[in-house]
Amino acid sequence: MRLGKFKLNHYINYIVIGIMTLVFGVMTLTGNRFDNSLLFLLEKMSISIILAVSLSLVVGFLGELSLGHAGFMCIGAYLGGKVSALLVPAMGNGVGALVISLIAGAAAAAICGVIIGIPALRLRGDYLAIVTLAFGEIVKSLFLNTSDESFGGTLGLSTPRYDKKYLFLIAFVLVLMTLAVVQNFIRSKHGRAVTAIRDNEIAAKATGVNVTKYKLVAFIMSAALAGVAGVLYSYSNYTVQSLKFDYNYSIEILVMVVLGGMGSINGAIISAALITWLNTWLPTKLTGELAVLQDLLYALILIAIVIYNNAPALAAVREKYNIGAMLSKLFKTKHDPAHRRDDKAKWDVVPTKISMDEILSVDVTPQNTRPDSKMGGED
Amino acid sequence: MEVILSTLINGLSLGGIYAMIALGYTMVYGIAKMLNFAHGDVIMIGGYLIYVFMATNNPLLAILLAVVGCVILGVTIEKIAYKPLRGASPLAVLITAIGVSYLLQSIAQIIFGSATKMVTVYEFGAIKLLGATVQISALVTLGVTVVVMLVLTLFVKYTRLGRAMIAVSEDKAAAQLMGINVNGIITVTFAIGSALAALAGLFYLLKAPSVSTTMGSMPGIKAFTAAVIGGIGSIPGAMLGGILLGVVESISYKITAIAPYTDAIEFSILIIILLVRPTGFLGKKRREKV
């Protein structure tokens, strides 16, 4: 549905989350007290959504694999948590301290993004995956071995918690801000450059896109947002423990992005919320011996979805049952290629190969050298 | 002096394990151009297979059966999970490999439970070497790894199958035009890689006689780091990187001040190497072609 220049499907996620924020906000202000476990779930969901959307920027739109997203979150959680622990006694546990620690956490994560991104993003191939993985392990082990006074060491860093009653609303607002940052970036000229790099790096370079710069920008943005999620985490928990931010957690975020459909922000939001809920709900159902089934299920779903979405042999099946297209039909009155949803751009386009022979074999003989063919097809 | 020597030998044997795993990574990466994240978990399965087949009380038979089991597993994974994605984006293959890694871990946990299992394959004992006590198993590990590396190098250089592998790694389409069965070659590569993983599992058991479902993850990641440091795709490079990493780890563990940061130090080496020499020590620089 398009209302003039206003495209509903461009803003649907802001609207849904915005309405949720308003409804919950009004209910809270009018004295409604929600169940603590529900509040905690909503906080966890918001953290997951911020993580998934920011990782989707690197994996879905830039087409590079990052396996250290939890590492950036860890930096944000520790640095932001430390800043808030220092500020709260002086400033009180208010929005001021929260904002300053958010900025500190995001900045620290962004700086790490620069340090990691510069060596890894210059290289092609899977180097970013392995370097970010290494980074996650480095961060984990560094914070684990800090002294008790600085960052708590093995015991973890105790952080002040924000008023439980309002924290989830702040988390919602941060989700909206993340969406604004990521979606506006993707829909801008810079975002086009990033998706161009994903689809064909050499072609993007040839059109004048500064590949290294855009790769770095996308990567740093994603790291900074993971830092924000980390600060939020530190505010929603009593302690920050570095062992939580391990390789498995990075993979869990990746699973959210992949299940949502790479290159789809709305997909990432939905699957992040769904998986976070499943993670709290499934352990109550699958207890004891059955607990391992959860991992098995995730692994099988991950493999099945990736093969289904990417196997060249299944292209025809995908074309026939395209859930994304079916959904977008609901919001569109007619198919108009000029108004295609941006985040619907296919991430799995086979890299275009330009064959030199094909170019050379094109017949470039000028038309007028051939007699009797002044205007082709008229006789 | 004795401390230095025993640390060094320990490092070399640990390096041998890393090198053995790194060889598997580098073979698969060189030919299938994919980072096989599940490789570490094939090692774990290899360890469990040895544990199961040790019921025969015959170490050699157990090792042989474990190698066969891992080869079958590796080839099956390749056929089911990776082959349908040939020609798809490398990112998709990478994520599938991560999925397979988790799948293997959870299957192992369902079958064997999450408790660590103890298994002693063979007691080699120890000898005195220049005053230092040296585990014979460490020397065996190192020796077998060197032999395997040499055999692999010769195999790739001088046999028909090995040359076909080089051809496939250079250019799949051209290799196919030369009549090489590309899919077959990739399967063979996975078979070799998995056999090496089973051997790595064996060495792991010789060093620390216990198996658990996550035993393959960390060595797997470190061995991949080793393969990248040595130059991914290069067989001697994998050996070099593995030994280097093993020695660094062993020395770092001995120095109390930096011992807790050992993992961080190893991964930092990777990042520094990638900064100064992106292709690793022995890797070849590839020109990007359109």
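Helices are taken here as DSSP runs of at least four residues and strands as runs of at least two, numbered from the N terminus. The model is predicted, and on that assignment chain B contains 11 helices and four strands.

In overall form, chain B agrees with a compact globule, since its radius of gyration is 19 Å and a compact globule of 290 residues would have a value near 19 Å. Along the principal axes, the C-alpha atoms of chain B occupy a box of roughly 60 × 45 × 35 Å. Buried residues account for 52% of the 290 residues in the chain, and, among contacts in chain B between residues at least 6 apart in sequence, 75% link residues that are at least 24 apart.

Because 25 of the 31 residues of α1(B) are buried, that is, have 20 or more other C-beta atoms within 10 Å of their own, the helix is largely enclosed by the rest of the structure.

K33(B) follows α1(B) and lies in the loop between α1 and α2 (39-53) of chain B, whereas N57(B) is found in the loop between α2 and α3 (59-82) of that chain. With 16 other C-beta atoms within 10 Å, K33(B) is partly exposed, while N57(B), which has 8 C-beta neighbours inside 10 Å, counts as exposed, the limit for that class being 12 or fewer.

Between the two chains, 39 residues of chain B are in contact with 38 residues of chain A. The elements that give two or more residues to the side of chain B touching chain A are α4 (90-112), α9 (217-230) and α11 (262-276) of chain B, and of these α4(B) gives the most, with 15 residues. By residue class, the side of chain B that touches chain A divides into 29 nonpolar, eight polar and two charged residues.

How values were computed: Residues are numbered from 1 along each chain as its sequence is written. Chains are lettered from A and ligands numbered from 1 in the order in which they are written. This is a predicted model: local features need pLDDT of at least 70, side-chain atom pairs count only at pLDDT 80 or more; totals for chains, interfaces and linings use all residues. Two residues are in contact if their C-beta atoms, placed from the backbone, lie within 7 Å. Ala, Val, Leu, Ile, Met, Phe, Trp, Tyr, Cys and Pro count as nonpolar, Asp, Glu, Lys and Arg as charged, and the others, Gly among them, as polar. The radius of gyration is taken over C-alpha atoms; the globule rule is 2.2 Å times the number of residues to the power 0.38.
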